[in-house]
Amino acid sequence: MSVRTAADRGRQVRLQLLSAAAELIAELGWNAVSTRVLAERAGVTPGLIHYHFPSLQALLRDAALGMVSDLLSGAESILDDARALDDARALDAGVEMMLGSLDAYTGNDRASLLFTETYLAAIRDETLRIELIVLIDEFRRKLARWLRDHGSNTPDDTAAVLAAAIDGVMLHRALNPRLTSSAVAPVLCRLVARGGE
């Protein structure tokens with residue numbers, strides 16, 4: 001029989017709070033999440049929120065940034081898979097693979113809603129904006145390196161526009177479900193190909 005330590009229980013409560021926060025941001029919207037509702041969803045007392053996090057906003061930030069980080073890591077792993085392709089096909093294939101992974105997001109699913117709410121909250125929350133910029137800049141650097149490795153002459157500019165286009169597709173998916181990878185990939189592949197000229 002294993003004995004759970006106080007540290008183990010603390011980590012478990014922290015994970016419960018982060019998971020509940022991510023769910024509630026998507027369900028209710030960033031500004032509608034209260035300490036009481038969050039504690040109820042996580043199955044803990046409200047005081048534990050402020051024991052584990054400096055504020056409700058800090059908890060919401062951590063939950064949202066964790067989800068965004070996971071989404072970006074998924075895109076980075078696709079680039080790693082595309083590295084094995086030959087250079088002549090790698091640019092198009094990498095873009096198509098990244099966009100194909102976006103087809104799982106409808107615009108109304110939990111991850112899409114959390115993504116949208118996070119971007120909106122970052123407009124007014126300087127700390128969130130700075131931390132989100134760090135995550136996105138790291139993704140852009142990796143994307144630019146991948147583009148450079150596959151023959152792009154303007155990898156930094158192309159990475160910035162490609163990352164913004166991918167964000168836009170994800171944000172617009174709720175408004176236009178026809179923005180699937182098959183509709184968007186040809187356009188973005190042309191953009192990436194021009195970045196290689």
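Buried, on this tour, means under 20% relative accessible area, while exposed means over 50% and partly exposed covers what lies in between, with a 1.4 Å probe and protein chains only. By that rule, buried residues make up 41% of the 197 residues in the chain.

What you have open is a predicted model, so local features need pLDDT of at least 70 and side-chain atom pairs count only at pLDDT 80 or more, whereas totals for chains, interfaces and linings use all residues. Numbering starts from 1 along each chain as its sequence is written, and side-chain values use heavy atoms, with hydrogens and water left out.

**Stop 1: the whole chain**

Start with everything in cartoon. You'll find nine helices and zero strands, where helices (H or I, at least four residues) and strands (E, at least two) are DSSP runs numbered from the N terminus. Read from the N terminus on, the elements go α-α-α-α-α-α-α-α-α. Along the principal axes, the C-alpha atoms fill a box of roughly 60 × 40 × 30 Å.

**Stop 2: α1 against α6**

Select residues 6–28 for helix α1 and residues 110–124 for helix α6. Two packed helices are described by the angle between their axes and the distance between the axes. Here the axes come within 8 Å and cross at roughly 80°. That makes α1 roughly perpendicular to α6. Axes are lines fitted to C-alpha atoms, for helices over the stretch in contact, with angles running from 0 to 180 degrees between N-to-C directions. Angles under 35 degrees count as roughly parallel, over 145 as roughly antiparallel, 65 to 115 as roughly perpendicular and the rest as oblique.

Which residues in α1 and α6 meet? Show Ser19, Ala22, Glu23, Ile25 and Ala26 from α1, then Arg110, Leu113, Leu114 and Glu117 from α6. Colour them by class and this contact divides into five nonpolar, one polar and three charged residues. (Ala, Val, Leu, Ile, Met, Phe, Trp, Tyr, Cys and Pro count as nonpolar, Asp, Glu, Lys and Arg as charged, and the others, Gly among them, as polar.)

**Stop 3: Val13**

Stay in helix α1 and pick Val13. Val13 counts as buried, at 14% relative accessibility. Leaving aside neighbours within four places in sequence, Val13 is in contact with Val44, Leu48 and His52.

**Stop 4**

The structure holds one aromatic pair. The rings of Phe115 and Tyr119 have centres 4.6 Å apart and planes at 35°, so the pair is tilted. Rings of Phe, Tyr and Trp (its six-membered ring) pair if their centres lie within 6.5 Å; planes under 30 degrees apart count as stacked, over 60 as edge-to-face and the rest as tilted. Phe115 and Tyr119 are four residues apart in helix α6, about one turn of the helix. Buried or partly exposed? Phe115 is buried at 5% relative accessible area, while Tyr119, at 22%, counts as partly exposed.

**Stop 5: Met98**

Jump to Met98 in helix α5 (residues 87–102). At 4% relative accessibility, Met98 is buried. Beyond the neighbours within four places in sequence, Met98 is in contact with Ala75, Ile78, Leu79, Phe139, Leu143, Leu162 and Ile166.

**Stop 6**

Select Thr158 in helix α8 (residues 155–172). Thr158 is buried at 6%, and its C-alpha lies 9.8 Å from that of Arg148, ten residues apart in sequence.

Finish at Ser181 in helix α9 (residues 181–195). Ser181 is buried, with a relative accessible area of 15%. Apart from neighbours within four places in sequence, Ser181 is in contact with Leu99, Gly100, Asp103, Arg173 and Pro186.

Technical notes. Contact means heavy atoms within 4.5 Å.
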